[in-house]
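Please consider the following structure together with its sequence.

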Amino acid sequence: MELTLKHLCLCFMVSVFFVSAQAQHIEKEINQLIDKMTLEEKVGMIHANSSFTSGGVERLGIPEMVSSDGPHGVRPEHGRDWVLDEGVDDAGTYLPTGLSLASTWNKRLGYQYGAVLGSEARYRGKDVILGPGVNIIRSPLNGRNFEYLSEDPYLTAQMAIGYIKGVQDQGIAACVKHYAANNEEIDRGTVDVRMSERALREIYLPAFKAAVEDANVYAVMGSYNKFRGQYATHHEYLVNKILKGEWGFKGLLMSDWGSVHDTKEALLFGTDLEMGTDLVLMYSSVSQTEANATEKLSSNLYDRFFLADTAIKMVRNGSIPVEVIDDKVRRILRVMYQTQMIDGKRNNGEYNTKEHQQLALKVAEESIVLLKNENQFLPLKKKEIKTIAVIGENASRENAMGGGSSQVKAKYEITPLAGLKNYLGDAVNITYTRGYKIERDITADAGLIAEAVEAAKNADAVVLVGGWTHGYDYSKWNDNAYDAEGTDKPDMILPFGQNELISEVLKANPNTVLVFIGGGPVEMHSWIANAKSIIQAWYPGMEGGNALAKIIFGEVNPSGKLPMTFPKKLEDSPAHKLGDFPGKNGVANYNEDIYVGYRYFDTQKIDPEFAFGHGLSYTNFSYKKLMVSELANNELKVSLKVKNTGKEDGAEIVQLYLHHQYHKEDRPEKELKAFDKIYLKAGEEKLVEFILPESSFQFFSTDANKWEMGSGNYNLLVGSSSRAIKLQRQILR
Ligand code: GLC
């Protein structure tokens, strides 16, 4: 034993030495390259030279760096002019979006998801994939919630870590975004976000901190908005002090597309790579002739970037030391070395493989959330059904190209209707009626409702697919609606007259399962009492329809859980009740502070429609034997036994929350501090173990303006959702 331990320590020390020696060697090579570069060559690397590339230095073997959206698939190709290319091989794997991934609560799946994305990005010749999006879901209305992960910082962080490692193990830089506090779309380019230091540290930064410290993310994207009066993309506090200072981030911070506003601030407050200003210049009011006349700017659009000719001038006239430029180039070169762009030893990646598509299916299967299932209405029994009525335009609508920059040209996309046809074959007669039209400003269509009601009456079961949409015409950038970049939902009310349709169909045939596509909750109070079963499907990717059909008919036992609270009505949501959303007079005050999502609902004892962490299964699970023991360095070990007490195999997401009973500063009713997804055959029992590090018990003290250990009594709460606590134990810290 003695020998083995010594041997292991020796191996560890050698590997640490090797890694640091290698790192030192790379730093040396980077500095040698910088020493050989002219100022123009250096500056050419810190701004874009096309829509998605930034400059290299060919004579020194430094390639251009190629970035691409997006968080759930590699975006279609387009040239410098932002017009989609024709006839290129860019139809790829369309993964379920961020909210779906988070709804799996499966960290291992996060890694596999990132690996698929990284592999497809490599195949498509990219170096940086612009994801994951980890902005906290503060309001259910944010148009980009579908791309993000959760309202909870811990769940967001845990899912992002796996994703980033998966991407980067494929030789691709992940670019965690949007740093920071980009929690709305309307006015995203101008809104000035104000919040307490505690809210920043406890809610809005943890996922970014984990990306840097736990996942070693190579790139970070600054956000469009201001924060406490300064643009986030070049922000002395957020970037220099916290990201690069406290967290020691050594990678590159790139702007969002067109989020740089000032050369000096970008130079001094941390922007390492300016992207997308061509969009601003191409569509700005300043005409080319006027610009040329006033600043004798070169005709080249990219030389007119903030970190281009102007930066060169400022170094030349001595107002900016060249070392400022060197540090940016150094960070970019580090990413190039970490992704083997310099030595060229890169894997080729894979595209549209069966394995990639199977992973998309797996994520969809594990992400779909069974919200309600009265009297075990689901799963439907195939042999008991002769006719099934499928209703709703969302049952037949493809979503991949919607949503804005995260669009994907899917190799294929199985809609809910197609998935049901695939699953049922000729065994069951499937009717389809549109039910509602996805068109701007349209209300309930009596004809379509009548048609749907007739179909429902003549069916043994009904699958009504409603919800939101990415937009009306995906080819038009500014035609996005509801779940899309650049827009926020006006409210939580189902559009296109769906509430009327649902009420009528439920009356016509109570054997109806309601399925919702979309990036967030809808108000259900007008019909929920009459609904036997409700499923939240989010945007489930290219295999979504197959996953949905397998869940409805029981081939897959649903295991997804909500990563965000579903309020009964918008007014209950803290961002709207206490805070500003989307903001007033250019300012959004996050008055709800740390009380985001279930932190608010549980502290204020307001019942949501469906709680954070909620999701049903076709089986049941028992929790027992909660044990707690102290470990070294102030860690706590928590274990319990979970048993599948039903007849179906299934997966359970065991969640551990902490409630700090008494302390001098207010704390939320509960906070998620650990979770695990376990798979149990019918009757099987497993031991579940969590290790709570000391940081689990810390909070950011407003008084002391630093992290502090929260001493005193805690309730340790373990359950299947934030509102379904099965076991608890009082502990003293
Ligand atoms: C967009 C988005 C960002 C995206 C970038 C490039 O405006 O905010 O998420 O990666 O520009 O398309």
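**Briefing: helix packing and ligand surroundings**

This is a predicted model, in which local features need pLDDT of at least 70 and side-chain atom pairs count only at pLDDT 80 or more, while totals for chains, interfaces and linings use all residues. Residues are numbered from 1 along each chain as its sequence is written, and side-chain values use heavy atoms, without hydrogens and water.

**Helix 14 and helix 18**
- Helix 14 (residues 354-367) packs against helix 18 (residues 544-552) at an angle of about 45°, with the axes 8 Å apart.
- In contact (heavy atoms within 4.5 Å), L361, A364 and E365 of helix 14 meet G544, N546, A547, K550 and I551 of helix 18.
- The residues of this contact between helix 14 and helix 18 comprise four nonpolar, two polar and two charged.

**Helix 16 and helix 17**
- Helix 16 (residues 446-457) and helix 17 (residues 498-508) pack at about 25°, their axes 9 Å apart.
- Helix 16 and helix 17 are therefore roughly parallel to each other.
- From helix 16, I449, A452, V453, A456 and K457 make the contact, with E500, L501, E504, V505 and A508 from helix 17.
- Seven nonpolar, no polar and three charged residues form the contact of helix 16 with helix 17.

**Ligand**
- The ligand is surrounded by 14 residues (a heavy atom within 4 Å), and the closest are D69, H178, Y224, D256 and E485.
- A polar side-chain atom of Y224 lies 2.7 Å from a ligand oxygen atom.
- A side-chain N or O atom of D256 is 2.7 Å from an oxygen atom of the ligand.
- For R144, a side-chain N or O atom is 2.8 Å from an oxygen atom of the ligand.

How values were computed. Axes fitted to C-alpha atoms, helices over the stretch in contact; angles between N-to-C directions. Helix = DSSP H or I, 4+ residues; strand = E, 2+ residues; numbered from the N terminus. Nonpolar A, V, L, I, M, F, W, Y, C, P; charged D, E, K, R; others polar. Polar contact = N/O pair within 3.5 Å; in protein donor to acceptor, adjacent residues only side chain to side chain. Parallel < 35°, antiparallel > 145°, perpendicular 65-115°, else oblique.
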